[in-house]
Amino acid sequence: MLAEKSTVLDDCRIIDFPKVTDYRGNLSFIEENHQIPFQIKRVYYLYDVPSGATRGGHAHRALHQMIIALSGSFDVIIDDGLRKQSFFLNRPHYGLYIPPRVWRELENFSSNSVALSLVSEVYDETDYVRDYQAFKRLVLNGWQ
Ligand code: TYD
């Protein structure tokens with residue numbers, strides 16, 4: 001049997017951050033280039049997400065991202081144009097690493113959830129691909 005060709009989705013992974021357990025409350029920490037494979041240039045977070053809402057719905061050309069459910073839970077569906085995979089995030093010491101060229105959707109937010117993102121670039125709208133058909137064409141053309 002032929003082995004399946006690896007795709008960019010194989011680089012997406014859950015990272016389990018250090019957890020310092022303490023009777024006063026637990027503590028986790030993240031250092032750029034240690035627990036995560038890029039330098040952090042920006043931090044943003046989603047909160048007050050209404051029930052049934054979907055966030056994301058785009059890919060990035062160059063941006064690396066780590067998504068963490070700081071509170072509550074949600075699903076992240078990632079798609080590299082060839083395959084899709086769904087991750088359920090519900091622990092503040094787990095992060096989902098998403099490299100560039102991956103379409104992502106965030107959905108099924110629980111009430112009071114907070115989705116923290118650590119990313120490798122400052123905000124730049126030209127780094128976004130917001131049209132799914134355009135994304136598929138870029139995948140077919142090797143992102144030329
Ligand atoms: P967007 O990245 O599309 O949100 P999400 O992927 O989480 O659904 O951003 C939504 C809006 O917020 C868009 O108009 C751009 C703006 N925005 C900023 O100004 N700075 C930022 O760092 C981010 C992430 C978004």
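Me: On a 1 Å grid over the protein atoms alone, a pocket is an open set of points where a 1.4 Å probe fits, with protein on both sides within 12 Å along at least five of seven lines; lining residues have an atom within 4 Å of a point. Which residues line the largest pocket?

Reply: The model is predicted: local features need pLDDT of at least 70 and side-chain atom pairs pLDDT 80 or more, while totals for chains, interfaces and linings use all residues. Numbering starts from 1 along each chain as its sequence is written, and side-chain values use heavy atoms, without hydrogens and water. The lining of the largest pocket consists of Tyr44, Leu46, Arg55, Gly56, His58, Gln65, Arg104, Leu106, Ala115, Ser117 and Tyr128. The space in this pocket is about 170 Å³, a volume filled by probe spheres set on the points.

Me: What makes up this lining, by strand and by residue class?

Reply: Strands E4 (42-46), E5 (55-60), E10 and E11 each supply at least two lining residues, where a strand is a DSSP run of at least two residues. The most come from E5, with three. By class, five lining residues are nonpolar, four polar and two charged; Tyr counts as nonpolar, Arg as charged and Gly as polar.

Me: Why is Ser113 called buried?

Reply: Buried means under 20% relative accessible area with a 1.4 Å probe and protein chains only. Ser113 has 2%, so Ser113 is buried. Ser113 sits in the loop between E10 (103-107) and E11 (114-119).

Me: What does Ser113 touch, and what does its side chain reach?

Reply: With contact meaning heavy atoms within 4.5 Å, Ser113 touches Leu46, Tyr47, Asp48, Ser71, Gly72 and Ser73, leaving aside residues up to four places away in sequence. The Ser113 side chain also reaches the backbone oxygen of Ser110 at 2.8 Å; a polar contact asks for N or O atoms within 3.5 Å, one able to donate a hydrogen and the other to accept it.

Me: How do you know which faces of E7 are covered?

Reply: Phe74, Val76 and Ile78 are buried on one side, and Asp75, Ile77 and Asp79 on the other. Six of the six residues of E7 (74-79) are buried.

Me: Why are E7 and E8 called paired?

Reply: Pairing needs at least two DSSP bridges between two strands. E7 and E8 (84-89) have six and run antiparallel, so by that rule they pair. Phe74 has Leu89 as bridge partner. Four residues separate the strands of this hairpin, and Gly81 in the turn has a positive phi of about 90°.

Me: What joins E7 to E10?

Reply: Five bridges join E7 and E10 in the antiparallel sense, with Val76 opposite Leu106. Leu106 is also one of the residues lining the largest pocket.

Terms used: Buried means under 20% relative accessible area, exposed over 50%, partly exposed in between (1.4 Å probe, protein chains only).
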